[in-house]
Amino acid sequence: MDNGTNPTPSRQESGKKRSFGRRIMIGVASLLVLLAVVIGFFGYHYFQTALKPMDTSNNNVVQVHVPMGATSNKIGQILQDKKVVKSGMVFNYYVKSNKFTNFQAGYYQLKPSMTLKQIATQLQKGGSAEPIQSTAGKVLVREGETVDQIAAEIPIQTDFTKKEFMSLMQSPAFFNELAAKYPQLLSSAKSAKKVRYRLEGYLAPATYQAGKKMTLKHLVTEMVAKTDQNLQGSYATIKKEKRTVQETLTLASLVEREGVTQSDRDKIAGVFLNRIKAGMALQSDISVQYALKTTKSTLTYKDLKVKSPYNLYIHTGYGPGPFANPSTSSIKAVLHPKDQKKGYYYFIANTKTGKVYFSQTYAQHQEKTSSLASDNK
């Protein structure tokens, strides 16, 4: 008889529920065990694989820098990041379990085909104090390139990194070594104020042979030596004109980017020298681009007011130093300018044809600028 209450579950129904719950618990437990077995299997497989060389067929040399005081764990991470070993963690376990100690700081030439034992043994022997080139190659420094642009190409053309090259560019000790070796070339650069890089302008455009085991210092020294060689016949002229090497290379670096033909560069050099003599700002867009670290061709009025010693719109004179590494033809233009006595103080190029127009007065310059407005959009 239904009295409005729920019937009490039978023992059979309760047993079924307990049995179903037990089956779920067993299923979950089995799944966890299976998962643990799978993880363990793949973990063991990964561990065993990581004990082997990264790539037995890859004999390309990778330059690795081990900093002073680096632990085996840190070294393992560096090797993994450089893709010399598969796992930095496994490398750390391997060297500790096999009692490899006393790893030395320095630069190492390692290969992905090396075993962990070979790598560990090499790290015990010690590396070089400086980065070195592992294979013979060539380094191209293009005319008008900046230090930053050369730095970006260095790792493409050599075994050296951008960071290593920039570290050298910012090293007072290395610069002082070069200044002592090439005093005639670098004395004015040494005394310059507020420069970004003291070697900007002194890395001669050319193709350099990067020999096997050559150091980065040696490579950069060759670039500076090339500049000194190029200027050997010009030091007397620079002194006669009462300019410094720093000032000469600064103007040459502007001429390099402002002009294309030798004739235009000779005339542009004359314009810059006339403006310097008259105490006028050089007002070169190249200087603003360098100050802003940009290569954009169209500058805004805000750009032209950037607060930087390299901005030659708001500062008169030469500025701190070169804006790039000029060619010998641009240096020649500064040493032997053309049409300087014609009194040109302005120039503008037709961006479509490349033709450069020179003016003596600002009014003439404005008139020419207006007539080229449609071509120079």
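Which loop holds Ser 308? Ser 308 sits between helix H13 (285–292) and H14. The legends below take this site and others in turn.

This is a predicted model, in which local features need pLDDT of at least 70, side-chain atom pairs count only at pLDDT 80 or more, and totals for chains, interfaces and linings use all residues. Residues are numbered from 1 along each chain as its sequence is written, and side-chain values use heavy atoms, with hydrogens and water left out.

**Figure 1. Overview of the protein chain.** The secondary structure comes to 15 helices and six strands. Helices (H or I, at least four residues) and strands (E, at least two) are DSSP runs, numbered from the N terminus. Of the 377 residues, 41% count as buried. Buried means under 20% relative accessible area, exposed over 50%, and partly exposed in between (1.4 Å probe, protein chains only). The accessible surface is about 21,500 Å², and 54% of it belongs to carbon and sulfur atoms. These areas come from the Shrake-Rupley method with a 1.4 Å probe; for residues, only the protein chains shown count as cover. Among contacts between residues at least 6 apart in sequence, 63% join residues at least 24 apart. Contact means heavy atoms within 4.5 Å.

**Figure 2. Surroundings of Ser 308.** Ser 308 is buried, with a relative accessible area of 9%. Beyond its neighbours within four places in sequence, Ser 308 is in contact with Ala 291, Ile 314 and His 315.

**Figure 3. Arg 243, a buried charge without a salt bridge.** Arg 243 lies in the loop between helix H10 (235–240) and helix H11 (245–258). The nearest side chain of opposite charge is that of Glu 241, 4.1 Å away. Lys and Arg count as positive, Asp and Glu as negative; His and the chain ends are not counted. A salt bridge is a side-chain nitrogen of Lys or Arg within 4 Å of a carboxyl oxygen of Asp or Glu. The Arg 243 side chain does reach the backbone oxygen of Val 334, at 3.3 Å. Such a polar contact is a pair of N or O atoms within 3.5 Å; within protein, one must be able to donate a hydrogen and the other to accept it, and residues adjacent in sequence count only if both atoms are side-chain atoms. Leaving aside neighbours within four places in sequence, the contacts of Arg 243 include Leu 273, Tyr 318 and Leu 335.

**Figure 4. The nonpolar cores.** A nonpolar core is a set of buried Ala, Val, Leu, Ile, Met, Phe, Trp, Tyr and Cys residues joined through side-chain atoms within 4.5 Å. The largest has 69 residues. Phe 165, Leu 185, Leu 186, Leu 199, Leu 203, Leu 219 and Val 220 touch the most other members. Apart from this core lies another, of 20 residues, among them Val 64, Val 85, Leu 110 and Ala 120.

Figure 5. H3 spans residues 88–97. Its buried residues are Gly 88, Val 90, Phe 91, Asn 92, Tyr 94 and Val 95. At the helix start, a side-chain oxygen of Ser 87 reaches to within 3.3 Å of the backbone nitrogen of Met 89. Just after H3, Lys 99 takes a positive phi of about 55°. Asn 102 lies in the loop between H3 and strand E2 (106–110). Its phi is near 55°, a positive value in a residue other than glycine. Asn 102 is exposed, at 60% relative accessible area.

**Figure 6. Salt bridges.** The whole structure holds eight salt bridges. Lys 217 and Glu 130 pair at 3.8 Å, N to O. This pair links distant parts of the chain: Lys 217 in helix H9 (residues 216–231) and Glu 130 in the loop between H4 and strand E3 (137–141), 87 residues apart. Glu 145 bridges to Arg 142, with the closest N and O atoms 3.5 Å apart. Glu 145 is buried at 7% relative accessibility, whereas Arg 142 is partly exposed at 40%. Lys 296 and Asp 303 meet at 2.9 Å, N to O. Shared partners join Glu 130, Glu 177 and Lys 217 into one network.

**Figure 7. Tyr 345 in its loop.** Tyr 345 lies between helix H14 (328–335) and strand E5 (346–349). Tyr 345 is partly exposed, with a relative accessible area of 26%. Its C-alpha atom is separated by 6.9 Å from that of Thr 361, 16 residues apart along the chain. Not counting residues up to four places away in sequence, Tyr 345 touches Val 271, Asn 274, Arg 275, Ala 278, Met 280, Ser 359 and Gln 360.
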